[in-house]
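Visitor: Can you walk me through this model? I'd like to start with the ligand.

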Amino acid sequence: MDRFIVRGGQTLAGEVRVSGAKNAALPILAAALMVPGKIRFENLPHLNDVTTMLQLLGRMGVEVLLDDTGSVELDATHLASNVAPYDLVRTMRASIVVLGPLLARQHAAEVSLPGGCAIGARPVNLHIKALEKLGVEFEVTDGYIKGRAPGGLVGGKVLFEKITVTGTENVLMAAALARGETIIENAAREPEVSDLADCLVSLGAHIEGIGTDTLCIQGVPALHGGTHRIIPDRIEAGTFLVAAAATRGSCTLTDCIPAQLDATLMKLEEAGAEITRGEDFVSLDMHGQRPRAVNITTLEYPGFATDMQAQFVALNAVAEGTGIVTETIFENRMMHIPEMQRMGAQIDLNAATATVMGIERLRGAPVMSTDLRASASLVVAGLVADGETTVDRVYHIDRGYERIEEKLRRLGADIERVRV
Ligand code: UD1
């Protein structure tokens, strides 16, 4: 098992290229299940979760050809299985996104109940309820969700009582091949949902309302092959910006879409950063100043992303003043806080609200990653701590960040990966 050793105190500066978005790549790869032909995806991030998804598709009979330019060619002409087994699904909750495509193409699917990040109960009831509106019958037995629609899927009206990203993606994919029209109301508007929708359209799907909370899909009998480039990862981008800001440094991110970072950039400006937005780059400069604490409330897109919450707790921990951070999307997504407290952070945690009283510097300590974004926040905390911080269970971070230590080193961080 790998761990990171971070020696804090460096001021980050330099340029980093943003990788393809994990949360766009996973549903887009799953969409290959719907296509009896060749598809090429570009800008695929090199991540453990992506490898898991490719393994899952491989088990179902999809031919996978990876090249060393970050592209993958998939061919799902001959599917061998409709089953997403426990041994793969347990490591990655997002495997649930194969449910919609399998039902669309095969009219039957068996998906193990998911595992993944331990951030609250994270049920899939809304996926099931919505797909039932498209004519799917479900039973949940032996730890598997088993869905069938013997006569094929039929379009329907879906109103999500709560916004769900992967739930919206599952219904979008199922509806693309259903008979007739589907309307999804209260759909997630995350850029990753729109990227999936754009990809499906390029493969022959009919979708209107992309980027809004109402998606209207006219089912088509079949999709065809094509090529799609995955959008950049706004959470990876935001994590590097916060790391630079916390160290009073500067950085330029290339290959990103600044408009998708609005909520994060707004908070960084509030924290005192000078931000320059370009077409496909963004720069941050703290001019050597300590950040000011900011208040954060997580919300669905275009609100402040829950996946950026932990990193901002780390920023606030060394900021001037007190910042109040409230998590509204997930229960139990504050597991980074006891770890940061071990590093001397002054934080009062009351249910889902953390009051963070900034101090000049944290103290290095051994800490443990509990989930993907929490581990990223501990690395940021390590960069602004005196002495050495050991971040254990780095496999969490490898699920969603492409060689984070190499990219941070390029910005001047003192971080190394050691095998224990
Ligand atoms: C996706 C992202 C994840 C991000 C999250 C919120 C992927 C692969 N993952 O996760 O990084 O943190 O969106 O932006 O894209 N819920 C239910 N029942 C359901 C489904 C969800 O109650 O059937 C609840 C969840 O417990 C949570 C909320 O709805 O409280 C939102 O979850 P959801 O948007 O579904 O998150 P994911 O799609 O799993």
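Guide: An oxygen atom of the ligand sits 3.2 Å from a polar backbone atom of Pro123. That is a polar contact, meaning a pair of N or O atoms within 3.5 Å; within protein, one must be able to donate a hydrogen and the other to accept it, and residues adjacent in sequence count only if both atoms are side-chain atoms. This is a predicted model, where local features need pLDDT of at least 70 and side-chain atom pairs count only at pLDDT 80 or more, while totals for chains, interfaces and linings use all residues. Residues are numbered from 1 along each chain as its sequence is written, and side-chain values use heavy atoms, with hydrogens and water left out.

Visitor: How far is the ligand nitrogen from the side chain of Asn125?

Guide: The distance is 2.7 Å, to an N or O atom in the side chain of Asn125. For Asp307, an N or O atom of the side chain is 2.6 Å from an oxygen atom of the ligand.

Visitor: How much of the ligand does the protein bury?

Guide: The protein buries 89% of the 730 Å² that the ligand exposes taken alone (Shrake-Rupley method, 1.4 Å probe).

Visitor: Which helix gives the most to the shell?

Guide: α5, with three residues. Helices are DSSP runs (H or I, at least four residues), numbered from the N terminus.

Visitor: New topic: is α10 buried or exposed?

Guide: Nine of the nine residues of α10 (residues 309–317) are buried, so this helix is largely enclosed by the rest of the structure. Buried means under 20% relative accessible area (1.4 Å probe, protein chains only). Phe312 and Asn316 are among them.

Notes
Helix = DSSP H or I, 4+ residues; strand = E, 2+ residues; numbered from the N terminus. Buried < 20%, exposed > 50% of the residue type's maximum accessible area, 1.4 Å probe, protein only.
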